[in-house]
Amino acid sequence: MENDKKTTPVKFSDTTNKVKETKQPPICRVEFSGISAAVWPKQIPSADGKPRETWMVSLTRSYRDGNEAKRTHVLFPEHLLPASMALIKAWEFIENGGKPEEKNNV
């Protein structure tokens, strides 16, 4: 007896054009122990057609492979605390309206 189930071919998409590298540097970058959070302003379309201001945050880890410096998005358990600290500082920057935190000279 033959299998009567129809199969749908798998569709592969070219993701190289979906995520474009931004030419602008981030407006904020915070780093803790090789983990950095970078923040960019972003306008996205809304349902009413007016652009809405928001933010993009990228979390990366720096490491060395021999003499070559590399970056990855993969974290190990020992990276979680520095990552959370970087994300908290990025969140504070965004909550402060995209301005650096004012330091109190006490």
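Is S58 buried, partly exposed or exposed? S58 is partly exposed, since its relative accessible area is 21%, where buried means under 20% relative accessible area, exposed means over 50%, and partly exposed lies in between, judged with a 1.4 Å probe and the protein chains only. The structure is a predicted model, in which local features need pLDDT of at least 70 and side-chain atom pairs count only at pLDDT 80 or more, while totals for chains, interfaces and linings use all residues. Residues are numbered from 1 along each chain as its sequence is written, and side-chain values use heavy atoms, with hydrogens and water left out.

We can begin with the overall plan. The protein has one helix and four strands, and from the N terminus on these elements follow the order β-β-β-β-α; here helices (H or I, at least four residues) and strands (E, at least two) are DSSP runs, numbered from the N terminus. Of the 106 residues in the protein, 18% are buried.

The opening residue, S58, is found in strand β3. Leaving aside its neighbours within four places in sequence, S58 is in contact with S36, A37, A38, W40 and H73. S58 and L87 are 29 residues apart in sequence, and their C-alpha atoms are 9.3 Å apart in space.

Strand β3, which covers residues 51–65, also holds T60. T60 counts as buried because its relative accessible area is 10%. The side chains of T60 and R71 are joined by a polar contact of 2.8 Å, a term that stands for a pair of N or O atoms within 3.5 Å, of which, within protein, one must be able to donate a hydrogen and the other to accept it, and for which residues adjacent in sequence count only if both atoms are side-chain atoms. Apart from its neighbours within four places in sequence, T60 is in contact with G34, I35, S36, R71, T72 and H73.

With a relative accessibility of 16%, T72 counts as buried, and its side chain reaches the backbone nitrogen of V74 at 3.1 Å. When neighbours within four places in sequence are set aside, the contacts of T72 are with T60, R61 and Y63.

A residue in a loop gives another view. D48 lies in the loop between β2 (35–45) and β3, and D48 is exposed, with a relative accessible area of 55%. The side chain of D48 makes a polar contact of 2.4 Å with the side chain of S46, and a polar atom of the D48 side chain also lies 3.0 Å from the backbone nitrogen of K50.

Next come the charged pairs. How many salt bridges does the count come to? The count comes to two, where a salt bridge is a side-chain nitrogen of Lys or Arg within 4 Å of a carboxyl oxygen of Asp or Glu. In one of them, the side chains of D65 and K70 meet at 3.0 Å, N to O; D65 is partly exposed at 42% relative accessible area, and K70 is partly exposed at 27%. In the other, the side chains of K89 and E92 meet at 3.3 Å, N to O. K89 and E92 are three residues apart in helix α1, so about one helical turn separates them. K89 counts as partly exposed at 33% relative accessibility, and E92 is partly exposed as well, at 25%.

K89 leads on to a pocket. The second largest pocket has a volume of about 150 Å³, and of the 10 residues that line it, the closest to its centre are V30, K89, F93, P100 and E101. On a 1 Å grid over the protein atoms alone, a pocket is an open set of points with protein on both sides within 12 Å along at least five of seven lines, and lining residues have an atom within 4 Å of a point; the points are joined across faces, edges and corners, and the volume is the space filled by probe spheres set on them. The elements that give two or more residues to this lining are β1 (28–32) and α1 (80–95), with the largest share, three residues, coming from α1. The lining divides into four nonpolar, one polar and five charged residues, where Ala, Val, Leu, Ile, Met, Phe, Trp, Tyr, Cys and Pro count as nonpolar, Asp, Glu, Lys and Arg as charged, and the others, Gly among them, as polar.

Methods:
On a 1 Å grid over the protein atoms alone, a cavity is a set of points where a 1.4 Å probe fits but cannot get out, and a pocket is an open set with protein on both sides within 12 Å along at least five of seven lines; lining residues have an atom within 4 Å of a point. Contact means heavy atoms within 4.5 Å.
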